[in-house]
Amino acid sequence: MSAPADEIFAHLVAVEAWPKWQHGVERTEVPGELVFGSGFVVVTDRRTYDGIVGELDWPNRFVWAAIGDGLSFL
């Protein structure tokens, strides 16, 4: 993607848009603004993940952890 870093970062943290471009993501649920400690849901073709924002430092870092169906990752 050829774009300024802040535009790319905005694309990455737009969780509600992940199903449009992230293979395997069928749907997301983002109940509010993404901030440290906020949660969201990611539904893939195989699992549903509860995500939590661990770090959000615009436009440098977006760290999130996920737990779902016997699997977790950071």
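Student: How many aromatic pairs does the structure hold?

Tutor: There are 4 aromatic pairs. Rings of Phe, Tyr and Trp (its six-membered ring) pair if their centres lie within 6.5 Å. This is a predicted model, where local features need pLDDT of at least 70, side-chain atom pairs count only at pLDDT 80 or more, and totals for chains, interfaces and linings use all residues. Residues are numbered from 1 along each chain as its sequence is written, and side-chain values use heavy atoms, without hydrogens and water.

Student: Why is the pair of Phe9 and Trp58 called edge-to-face?

Tutor: Look at the angle. Planes under 30 degrees apart count as stacked, over 60 as edge-to-face and the rest as tilted. The planes of Phe9 and Trp58 stand at 85°, with the ring centres 4.8 Å apart, so the pair is edge-to-face.

Student: What makes Phe9 count as buried?

Tutor: Buried means under 20% relative accessible area, exposed over 50%, partly exposed in between (1.4 Å probe, protein chains only). Phe9 has 6% relative accessibility, so Phe9 counts as buried.

Student: Why is Trp58 called partly exposed?

Tutor: Its relative accessible area is 47%, so Trp58 is partly exposed.

Student: Which kind of pair do Trp18 and Trp64 form?

Tutor: A tilted one: 45° between the planes and 5.4 Å centre to centre.

Student: How do you know whether Trp18 is buried or exposed?

Tutor: Trp18 has 7% relative accessibility, so Trp18 counts as buried. Trp64 is buried too, at a relative accessible area of 17%.

Student: Which residues do ring pairs link into a cluster?

Tutor: Trp18, Phe40 and Trp64.
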